[in-house]
Amino acid sequence: MQSPREILGDIWTSAGGEASALDAVKLTGEEPQLPSSFRVGAAAQASVAATGLAAAEIWKLRSGQSQDVTIDMRHAVVECRSERYLRVDDKPPPPAWDAIAGVYKTGNARFVRLHTNFPHHRDAVCKVLNCKPERDEVQAALMQWDGEAFETAAYAAGGVVSMMRSHDEWSATPHARALAGLPLITIEKIGDAAPKPWPKGNRPLAGIRVLDLSRVIAGPVAGRTLAAHGADVLLISGPNLPAIPWLTIDTGRGKLTSFVELKSEQGREVFRNLLTQADTVSQGYRPRAIAGLGFAPEEAARIRPGIVYVTLSAYGHEGPWAERRGFDSLVQTSTGFNHAEGQAAGIDGPKELPAQILDHATGYLMAFGAMMAKARQSREGGSWHVRVSLAQTGRWLWNLGRVADGFKTGDLNGETVMPFEKVASGFGALRSVRHAALLSKTPAFWARPAMPLGSHPPQWPARE
């Protein structure tokens, strides 16, 4: 079984990093940190460490200065559950899930998971089941369905659900076989452009402009991480797009936030103008949705030669499920994690991982890929496309191996973990988790407070 340092080394060198740079990294702590049969602690530590090392290497490119990077495993795990520890005016988070979200049995004794936190997803499920949005009605209706048939019908209707599969069942699907040939992170050159000089600034990503088109956790965590190292991150949302307020607060730290209606020509013109001055686009919508608006990766590279374009998907960019919507909880269910955790814990049915680790780790891998591609752009030019997916992160986590006595570990509550900071925000006083990558010369921090969506005009701040 690989050590966390070896896991980090694989991530780093596979994206083109020099192996000698790993000497600057110190990893502390050991597994297990949370009750799980999977190596959640190692995954958290390695993915956060990759971003910290990338930031340190960019600072070396910009300034000639080396620095040390330290990541404690417990701190990294806590940051990978940051939404749980957030307090607003000392108040804990509201219930995380919609009333009918969660696990149900079907008529053929399979388990399915519904994700209904957005109203249109809940409505799609209820339309397929022809029932009211009440748990008892949903369960009664599902007893008339075969699990996989319901999964297929719900997706076709615009819902997001998944049937629980064992890892063996998942591995036998055409989609899993398509993913098996893909790397954890794909970094490809998609156009020609001259190398861009680094702007002035005293932080690794100072002056780097990032357009963040994402919601929920993974994509927003990527933007939050880039902001922690000094990037100007502008979160673009639509006034009518549903959002999950608590996650917006937690992942909004460090960002500017504007409303731009990309379905209108006027809004697209505003976005095009922002894009002509951007360094990076980070987006978590389905590829066809963004391409339909005129901002596919290749189109963005034409508008802004030299762009680094980062794409997040649920199930990867190849295979029959490439267009499927999905969230961390559903990918865990589809790909075998819930089944395996249930078995390890002695439960007849699904058991979730103790963190939305697919989301959080993927967010850090997005930020890492963005930084590695930006460093390459500064050296050799070109426009670049970075691709990550929750399913590929899941495949990586599975292949890290299992923890034999993981469920003997106690959980980490807010009283036992202390990497917190207290700051003012547009929502009230926040107690939130500090960033877990500690850099000796350019400490990570968020220079801007979390603010309600749409708080800022859609324009870039002046560079130094």
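How many bridges join strand β8 to strand β9, and do the two run parallel or antiparallel? I found 4 bridges between β8 (residues 209–213) and β9 (residues 232–237), and the strands run parallel. Pairing here requires at least two DSSP bridges between two strands. L211 has L234 in β9 as its bridge partner.

**Ground rules.** I am working with a predicted model, where local features need pLDDT of at least 70 and side-chain atom pairs count only at pLDDT 80 or more, while totals for chains, interfaces and linings use all residues. Residues are numbered from 1 along each chain as its sequence is written, and side-chain values use heavy atoms, with hydrogens and water left out. Helices (H or I, at least four residues) and strands (E, at least two) are DSSP runs, numbered from the N terminus.

**The sheet.** I traced an open sheet of 7 strands in the order β7-β13-β12-β11-β8-β9-β10, with mixed pairing. At its edges lie β7 (186–191) and β10 (255–259), each pairing on one side only. From one strand to the next, the twist averages 20°. Angles run from 0 to 180 degrees between N-to-C directions, and axes are lines fitted to C-alpha atoms, for helices over the stretch in contact.

Next I checked what packs on this sheet. Helix α17 touches β7, β11 (280–283), β12 (308–313) and β13 (383–389), and its direction makes about 165° with that of β13. Contact means heavy atoms within 4.5 Å. Helix α18 (residues 390–399) touches β12 and β13, at about 60° to the direction of β13.

**Partners of α17.** I looked at α2 (residues 40–63) beside α17: the axes come within 9 Å and cross at roughly 20°. The crossing is left-handed, meaning that the near helix is turned anticlockwise from the far one by less than a right angle; clockwise would be right-handed. On the α2 side, the contact includes V40, A43 and A44, and on the α17 side it includes I357, A361 and Y364. By class I noted 18 nonpolar, 3 polar and 1 charged residues. Ala, Val, Leu, Ile, Met, Phe, Trp, Tyr, Cys and Pro count as nonpolar, Asp, Glu, Lys and Arg as charged, and the others, Gly among them, as polar.

Then I turned to α10 (residues 218–228), which packs on α17 (residues 357–380) at about 50°, with the axes 7 Å apart. That makes α10 oblique to α17. Here the crossing is right-handed. Among the residues that meet are A218 and V221 of α10, and D359 and M366 of α17. This contact divides into 9 nonpolar, 5 polar and 2 charged residues.

**Around β5.** I followed β4 (residues 102–105) into β5: they pair antiparallel over 4 bridges, with G102 partnered by L114. The two form a hairpin with 5 residues between them, and A109 in the turn has a positive phi of about 65°. β5 also joins β6 through 3 antiparallel bridges, and R113 stands opposite S162. F111 and R113 point one way from β5, V112 and L114 the other, and all are buried (under 20% relative accessible area with a 1.4 Å probe, protein chains only; exposed is over 50%, partly exposed in between).

Last, I checked α5 (residues 119–129), whose buried residues are H121, A124, V125, C126 and L129. Their cover includes β5 (111–114), α6 (135–142), α7 (147–156) and β6 (161–163). Just after α5, N130 takes a positive phi of about 55°.

Methods
Angles under 35 degrees count as roughly parallel, over 145 as roughly antiparallel, 65 to 115 as roughly perpendicular and the rest as oblique.
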